[in-house]
Amino acid sequence: MIVSNGNDLIWSQFLIGLLLLAGFFFSLSSKFIQLRWLPEMFRVIGEKPETLEDGQKGISSFQAFTISAASRVGTGNIAGVATAIVLGGPGAVFWMWVIAFFGAASAFFEATLAQVYKVKDKNGGFRGGPAYYMERGLGQKWLGVTFAILITVTFAFVFNTVQSNTIAESFKTQYNTPSWITGVILAIITAIVIFGGVRWIANVSSAIVPVMAIFYILIVLFVLVMHIGDVIPMIISIIKGAFGMEQAFGGALGFTIMQGIKRGLFSNEAGMGSAPNAAATAAVSHPVKQGLIQSLGVFFDTMIVCTATAIMILLYSGLEFGEKAPQGIAVTQAALNAHVGSFGGIFLTVAVFLFAYSSVIGNYYYGQSNIEYLTTNKVVMFIFRSFVVLMVFFGAVVKVETVWATADLFMGLMAILNITAIIGLAHVVFEVAKDYGEQRKKGLNPVFKTENVKADLSEVDTWGDNPYHLKDK
């Protein structure tokens with residue numbers, strides 16, 4: 001009851017409005033940086049990582065992008081989008097696009113801050129995130145500690161339980177595989193990756209995420225070609241539904257907007273404070289580079305992966321709307337089977353595994369980064385990792401409906417703290433972005449030097465004249 005009331009208060013009456021207003025503020029104040037610098041996003045994503053002090057190559061922008069994408073792109077992109085459409089109608093897709101557009105600006109701000117206030121880890125790389133910029137930027141350590149606890153519980157434990165449960169249910173439905181067997185296998189392969197360290201996480205994520213996305217999008221392209229005559233009517237139904245001109249499914253316009261916005265927020269995580277933990281790991285020459293990459297990540301998640309799911313579902317002739325209609329993974333399963341035959345079931349099982357397992361890896365890293373913020377004790381880290389593996393197994397063998405509601409509440413609280421922090425530090429982002437823009441106008445590959453920024457960065461110790469000891473380019 002407490003969890004349910006808390007969710008209703010935070011999500012329905014407060015948080016969605018806050019995230020929308022924040023996204024609009026960040027977009028307007030940055031002169032819509034998510035559009036102005038879109039070509040720059042594609043330019044920097046292919047850059048090689050900077051060399052660290054120990055001579056090793058750091059984590060590249062692309063690898064940091066895939067760590068965050070690994071967490072963003074999960075079962076919500078397959079099951080969550082289906083539920084949003086069934087309950088909110090085709091118009092929900094349009095509002096997913098809207099929140100992604102404004103959320104891309106929020107993602108830029110939080111990721112840039114994560115880079116500015118990042119710290120060196122014991123392996124010579126970097127870690128950071130909202131907990132770090134709350135303490136070092138705002139001078140509020142208690143906020144950082146509170147956030148670190150919230151994100152660790154929400155992502156490393158609760159969300160990973162949900163992801164492993166989805167994988168187990170998928171294999172049980174398709175192949176009648178006992179859940180405990182799936183749980184054991186998942187626990188073993190998760191342990192191998194997370195005990196291998198952040199570079200393992202980056203390498204695994206950079207391998208899984210692109211392959212996962214390419215295959216998924218290829219299936220959608222096949223479906224589009226097979227139903228080319230239905231594409232224009234589908235787009236029209238999305239636009240009409242978004243503004244209440246076509247309410248055949250019986251839902252109210254407000255509910256349509258709510259479903260689209262809430263699903264978009266859950267999917268791309270813009271402003272939630274999770275992706276900045278991955279953004280901080282990148283070895284780049286200027287914080288803005290990773291801000292641009294994470295902004296692109298929001299478009300990737302919602303405009304490409306979620307839209308791919310929406311297309312498959314909306315082109316499905318057997319689609320039903322309303323609370324009593326089938327929802328979630330069952331809808332996507334039925335749509336795929338209708339489009340591509342029995343291959344659809346096999347493909348979806350594989351897709352669910354890749355989507356969910358990549359999320360397990362990304363979610364774990366968010367927890368690790370924040371545990372390291374709280375303590376560097378090796379015993380604590382070992383216990384944390386062991387508990388993550390245990391929760392992955394646990395999630396595969398139990399029902400987790402209540403866990404979702406708890407995760408929603410924790411994630412809502414997390415987002416409120418993070419939005420408050422990035423609004424308070426927006427002036428830092430303005431100055432850092434101005435420095436980047438001036439260097440680009442001169443034809444330079446931007447290198448960040450704290451003395452060139454007017455904002456007070458006295459608590460920043462990672463960035464000096466040049467943290468990578470390279471000559472200016």
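This is a predicted model: local features need pLDDT of at least 70, side-chain atom pairs count only at pLDDT 80 or more; totals for chains, interfaces and linings use all residues.
Residues are numbered from 1 along each chain as its sequence is written, and side-chain values use heavy atoms, with hydrogens and water left out.

**Overall make-up**
- The protein chain contains 19 helices and two strands, where helices (H or I, at least four residues) and strands (E, at least two) are DSSP runs numbered from the N terminus.
- Of its 473 residues, 60% count as buried, meaning under 20% relative accessible area, while exposed means over 50% and partly exposed lies in between (1.4 Å probe, protein chains only).
- Among the contacts (heavy atoms within 4.5 Å) in the protein chain with a separation of 6 or more, 82% are between residues 24 or more positions apart.

**How α8 and α17 pack**
- Two packed helices are described by the angle between their axes and the distance between the axes.
- Helix α8 (residues 141-175) and helix α17 (residues 378-397) pack at an angle of about 35°, with their axes 6 Å apart; the axes are lines fitted to C-alpha atoms, for helices over the stretch in contact, and angles run from 0 to 180 degrees between N-to-C directions.
- Residues that make this contact include Ala 156, Asn 160 and Ser 164 of α8, together with Phe 387, Val 388 and Met 391 of α17.

- Leaving aside residues up to four places away in sequence, Phe 108 touches Ile 33, Trp 37, Val 288, Gly 291, Leu 292, Ser 295, Val 429 and Ala 433.

**Salt bridges**
- The whole structure holds four salt bridges, each being a side-chain nitrogen of Lys or Arg within 4 Å of a carboxyl oxygen of Asp or Glu.
- Glu 40 and Arg 43 form one of them, at 2.9 Å from N to O, and because they are three residues apart in helix α3 (residues 38-44), about one helical turn separates them.
- Glu 40 is buried, with a relative accessible area of 11%, whereas Arg 43 is partly exposed at 32%.
- Arg 440 also forms a salt bridge with Glu 40, with the closest N and O atoms 3.1 Å apart, and this pair links helix α19 (residues 426-441) to helix α3 across 400 residues.
- Glu 40, Arg 43 and Arg 440 are thus linked in a network of salt bridges, in which Arg 440 is partly exposed, with a relative accessible area of 29%.
- Glu 372 and Arg 127 form a further salt bridge, with their closest N and O atoms 3.5 Å apart, and it joins helix α16 (residues 343-374) to strand β2 (residues 126-127) across 245 residues.
- Both Glu 372 and Arg 127 are buried.
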